[in-house]
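Okay, thanks for coming, everyone.

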Amino acid sequence: MSDKKFDLIIVGGGPGGYVAAIRAAQLDMKVLLIDDRQGDDGKAAPGGTCLNVGCVPSKALLDSSKHYHHIQHDYAAHGISVDGVSMDVGTMIDRKRKVVKQLNGGLLQLFKANKIEFANGWGKLLSDRSVEVTPCEGDSYTVAGQHVILAAGSVPFTIPNVEIDGTHIVDNVGALEFGEAPERLGVIGAGVIGLEMGSVWKRLGSEVILFEAMDELLPVVDKDMSRAAAREFKKQGLDIRLGAKVAGADLVDGKVKVTYTKDGNESSETFDRLLVAVGRRAASEGLLGEESGVKLTDRGQIEVDAHCRTSAENVWAIGDLVRGPMLAHKASEEGVAVVETIAGQHGHINLDHVPWVIYTDPEIAWVGKTEKDLAEAGVEYKTGSFPFAATGRGLAMGDAAGHVKIIADAESDRILGAQIIGPTASEMIAEIVVTMEFAGASEDLGRIIHAHPTLSEAIHEAALSVDKRAIHKAN
Ligand code: FAD
Ligand code: AMP
């Protein structure tokens, strides 16, 4: 039993927990950060799902596979011919591992520089903000904190009759580690992760079929966006089967036989590998002792108020463990807001302005309300849009698929939301987030000077088009 006392104990070292730890150290708190994750080498691997098996490694593979795809399909139009192109999947996976390792090491250095105590082990909240730590090596001990932040993140959902074996049937972890491109890859779920990982392996030569139970692709964005996305994915050869609900998967002679129902008919397909990407759930199992006083919702998330307070005094919860979008930047901003609230400042997070990105090609990014949301809420709105095909820069780059749409309040002109499908949508959405955070109107964006020729001119023109005065298209 340790008698160590901390101002703040944080359970979970992902983008929610580690960012909270660094901000707390900046505010002179004595911090203990507990995270159980270890790398292949048995060493501590802070950074959570996001750094180790999520955001970062998936983007490393998306970038590698994009280079390979461009060389094969897009260079010829620029007059560049490349003979004998080949792909070594092992080198690609090694590069991804190095990127992750470098960032794991960077985090450990940041903890040291900020005098954050780091425990590589499992944390369990007992009562009165005491936490039992079970280190990856050594005996358990108990610590106490003035405050505790729970930031244990999420784990993948599974579905009945589909058992993850880590080799043939995998979740996100396995899909980032294939030793070679499977000849046929099945993906259950055409959500963010399914589309990103499906894109990686399609570009590397796999035949990819995605099964999506819903009848609509990406219902989180408006139909014009999801239709444009479906068109581009189809061109790339991704076979997305909507209204296809997977009932089970069996291993037969080293292959995976997937059974699914579509339009009332049962069919099957056989694959070399199957990725299950049907969403994620809060990692609340084993986190709370019986006396913790922390309530769960019926979905197993930690119940919190708008400031991330749980039902137990001075115990807070953030990130994938609680309501709201399961996104790394949302987790981080909640971490900062909670720590600043603890320090007596005005911690603040606006869930209405969290940007979303799908890193397919083209990228898809959005923020705020969709047309669908506003119609349901009875809010009068107007829209403006602009295609990248009408921008000089998009055409010069040879990357001009997609468009920008801006949605503004019909009366006040305040921007309520935006959606972008196109090159660098992940970067461009930031301009809209800033404008919305400053309560800006489409008129404001339309009057701001955008450099020429840039892709961001599509945002400028879409803003002008809200009032039917875009220059480079007929309004
Ligand atoms: P996590 O990152 O899950 O971190 C929690 C950590 O706590 C983990 O290391 C876990 O092992 C540890 N832990 C759990 N319980 C305990 C315990 N009791 N004691 C000690 N340690 C514990 N989001 C984006 O914003 N952008 C993206 O591009 C993106 N891509 C993704 C791609 C994939 C394939 C996946 C799976 C996810 C992706 N996400 C992305 C989502 C993002 O990873 C999560 O939203 C984010 O990691 C949540 O952060 P967190 O801090 O809440 O939890
Ligand atoms: P996301 O929540 O973005 O990770 O997406 C997960 C997707 O998986 C959702 O669009 C679900 O509709 C889909 N899904 C869940 N269960 C099944 C299933 N049994 N068969 C096919 N798709 C599924």
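So, helix H7 runs over residues 223–235, which is 13 residues. From its first C-alpha to its last it reaches 18 Å, close to the 18 Å you'd expect at 1.5 Å a residue. Bear in mind that this is a predicted model.

Which residues of H7 are buried? They are Met225, Ser226, Ala228, Ala229, Glu232 and Phe233. These cover an arc of only 160° around the axis, so they sit on the same side of H7. Turn to the other side of H7 and you find Arg227, Arg231, Lys234 and Lys235, which are exposed.

Okay, on to ligand 1. There are 37 residues surrounding ligand 1, and the closest are Asp36, Thr49, Lys59, Gly123 and Ala328. Gly123 has a backbone N or O atom 2.8 Å from a nitrogen atom of ligand 1. For Cys50, a backbone N or O atom lies 3.3 Å from an oxygen atom of ligand 1. Asp320 uses its side chain: an N or O atom there is 2.9 Å from an oxygen atom of ligand 1. And how much of ligand 1 does the protein cover? On its own, ligand 1 has 1000 Å² of accessible area, and the protein covers 95% of that.

Where does that shell come from? Strands S2 (31–35) and S3 (117–125), along with helices H2 (48–53), H3 (55–73) and H8 (328–342), each supply at least two residues of the shell around ligand 1. H2 gives the most, with 4 residues. If you sort the shell around ligand 1 by class, you get 16 nonpolar, 15 polar and 6 charged residues.

Now ligand 2. Here 15 residues do the surrounding, with Gly189, Glu212, Ala213, Met214 and Val246 the closest. The contacts I'd point to involve backbone atoms. A backbone N or O atom of Ala213 is 3.1 Å from a nitrogen atom of ligand 2. Phe211 has a polar backbone atom 3.5 Å from a nitrogen atom of ligand 2. With Val192, a backbone N or O atom lies 3.3 Å from an oxygen atom of ligand 2. Ligand 2 has 520 Å² of accessible area on its own, and the protein covers 75% of it.

The elements giving two or more residues to the shell around ligand 2 are strands S9 (207–212) and S11 (244–252). S11 has the largest share, 3 residues. By class, the shell around ligand 2 comes out as 10 nonpolar, 3 polar and 2 charged residues.

That's it from me, happy to take questions.

Definitions and conventions:
Residues are numbered from 1 along each chain as its sequence is written. Chains are lettered from A and ligands numbered from 1 in the order in which they are written. This is a predicted model: local features need pLDDT of at least 70, side-chain atom pairs count only at pLDDT 80 or more; totals for chains, interfaces and linings use all residues. Side-chain values use heavy atoms; hydrogens and water are left out. A residue is near a molecule or strand if one of its heavy atoms lies within 4 Å of it. A polar contact is a pair of N or O atoms within 3.5 Å; within protein, one must be able to donate a hydrogen and the other to accept it, and residues adjacent in sequence count only if both atoms are side-chain atoms. Accessible areas come from the Shrake-Rupley method with a 1.4 Å probe; for residues, only the protein chains shown count as cover. Ala, Val, Leu, Ile, Met, Phe, Trp, Tyr, Cys and Pro count as nonpolar, Asp, Glu, Lys and Arg as charged, and the others, Gly among them, as polar. The expected span of a helix is 1.5 Å times one less than its number of residues. Buried means under 20% relative accessible area, exposed over 50%, partly exposed in between (1.4 Å probe, protein chains only). The arc is that of the directions from the helix axis to the C-beta atoms.
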